[in-house]
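I opened this entry to look up a few strand and ring details. My notes follow in the order in which I checked them.

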Amino acid sequence: MMTLLSWITAFLLIGATAADQQAKLNHFPENFAVAKQGKDSVSLTCLTTTTGPVTWKHNNDEESDFKDNMSQSGHNLIVRDVEAPLLGEYSCWRDGTKLSSTLLLQETEEEEDINSLLTCRAKSYDCNFSCRWTEGKYRAVRLGIGPDCTNGLPTCHWVSSSGQPDSEGFQFELTHNLSSFGEESTMLEVTAEAIDDDFFFLKKTKKFYLRDIVVPDSPRIVSMKVVQSQLNVSIEPPSSWSTPHSFFALEHEIEYILRDNGETIISSSSLIPKKISKLRARSRDPLVFSTWSQWTPWENWKNSCQCRKKQTSELSPKCLERCKRKMERRRTEQSQNLLK
C-alpha cells in the first residue's frame, strides 16, 4: 500500500503533469485499461510485433516513484494496488522509440443517472438520431448502439467525441437499423463510456424506444387565406419529417392572438378567426403523442378592414377608426382635385 509520503509526492507530480495530460485527452483513447474498484492489479500490454526488451514510462517518467506497485513480465507491465496517483498514460519504449501507449483508468465510485447525463432526440422515424452528453466534467466520451457495445465486444462501432465540448456538452449523430414502417418492439440500447479529468471511467447504458425520443422540427406555415369570417391556415410538415406524409401523419396546433383584446388562444383546427394580429404553429405525432415541436416564429397577419364590404356593426373599434381616417383622407383628396 502507498505511504503518506508517497501520496504527497504523487499529488505534487499530478499537479505538475495534469495540464499536459488533460490537453492530450481531447479525444477518446484508442488503447486503455480499466481497473475495477478494489481489484488488486491490472496488466498492460506493449503493442508491438517486434522482439526485444522494452522499458515502461508512467506519464513520460521512467523513474516512477511507484516502482513497488509495478512489475514487468516480458512486454507486459503489472500495476498493483491501483489508486488515483497510478492512473494516467503508460508507454513502452525501445531504444528511444515509443512503441505504444495505454491509458490506465479506474472505475468511478460515483453513482450517475444516465438520464441526467445523456439526452437523445430523433427528428423523424428515419435511421438517424442525435444524442447530447451534458456533463461537463468528462473530457472524452464515446457512444455505441446495441448489445455488442453494452457487453464491450470488439464488434461494437463507437462514435467518439473530439475536441472540447460546447456550452451544452458533446453532440453525437447516431444511426440505427430499425424499420420505419414496422411496429416497434425492440428498444434501442445506447452505451456511453466517459473519462473525467482525474482519469476515472464511467460506463452506462440507456434503453428507450425510438418513438419516445421523436420530436419533429417546427412545421411550415405555407398560406393564410380568408374564408368568409375565418382564416384558413395551411400547415405542412418540416422537410426533415419522414415520408410519405400520408403514412407519417402529424397533427398541428395554432396559437394566435386576437386583435381586439389581445387574448391568446391555442386551436387544433386549421380554421381560426381572421381578426387576429399574429399566429404561430407546432406539430407532433398523434399516434404516440410525441413531444410537441418548437413553435414556429410568430407571423403577423395584416388583413385589410375591407371598409366598403362590411357593415359598420361588423367592424372592430380599431378597424372602424381606421376606416373613418381612410374616408377622411379620400374626401380631402377629392376636394383638392376639384380645386385644381
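This is a predicted model: local features need pLDDT of at least 70, side-chain atom pairs count only at pLDDT 80 or more; totals for chains, interfaces and linings use all residues.

Next I looked for the pairing of S1 with strand S7, residues 97-107. The two run in the parallel sense, and I have 4 bridges down for them. Opposite Phe32 I found Leu103 of S7.

I stayed in S7 for Thr102. Is Thr102 buried or exposed? I have Thr102 down as buried, because its relative accessible area is 7% and the cut-off is under 20%. I then listed what Thr102 touches, leaving out residues up to four places away in sequence.

I turned to the rings. How many aromatic pairs does the structure hold? I wrote down 9. For such a pair I record the distance of the centres and the angle of the planes.

I looked at Phe181 and Phe248, whose ring centres are 5.3 Å apart with the planes at 55°. I logged this pair as tilted, because edge-to-face needs over 60 degrees. Where in the chain do Phe181 and Phe248 lie? Phe181 is in the loop between strand S12 (170-175) and strand S13 (188-196). Phe248 is in the loop between strand S16 (230-236) and strand S17 (251-258). The pair thus links distant parts of the chain, 67 residues apart.

I checked accessibility for both. Phe181 is exposed at 51% relative accessible area, whereas Phe248 is buried at 6%.

Phe248 also pairs with Phe247, with centres 4.9 Å apart. I called this pair edge-to-face because the planes are at 75°.

Which residues do the ring pairs join into a cluster? I have Tyr125, Phe181, Trp241, Phe247 and Phe248.

Last, I looked up charges over rings. The charged end of Arg211 sits over the ring of Tyr209, at 4.1 Å from the ring centre. I found the charged end of Lys278 over the ring of Trp298, at 5.1 Å from the ring centre.

Terms used
Residues are numbered from 1 along each chain as its sequence is written. Side-chain values use heavy atoms; hydrogens and water are left out. Rings of Phe, Tyr and Trp (its six-membered ring) pair if their centres lie within 6.5 Å; planes under 30 degrees apart count as stacked, over 60 as edge-to-face and the rest as tilted. Buried means under 20% relative accessible area, exposed over 50%, partly exposed in between (1.4 Å probe, protein chains only). A charge sits over a ring if NZ of Lys or CZ of Arg is within 6 Å of the ring centre and within 35 degrees of the ring normal. Two strands pair if DSSP finds at least two bridges between them. Contact means heavy atoms within 4.5 Å.
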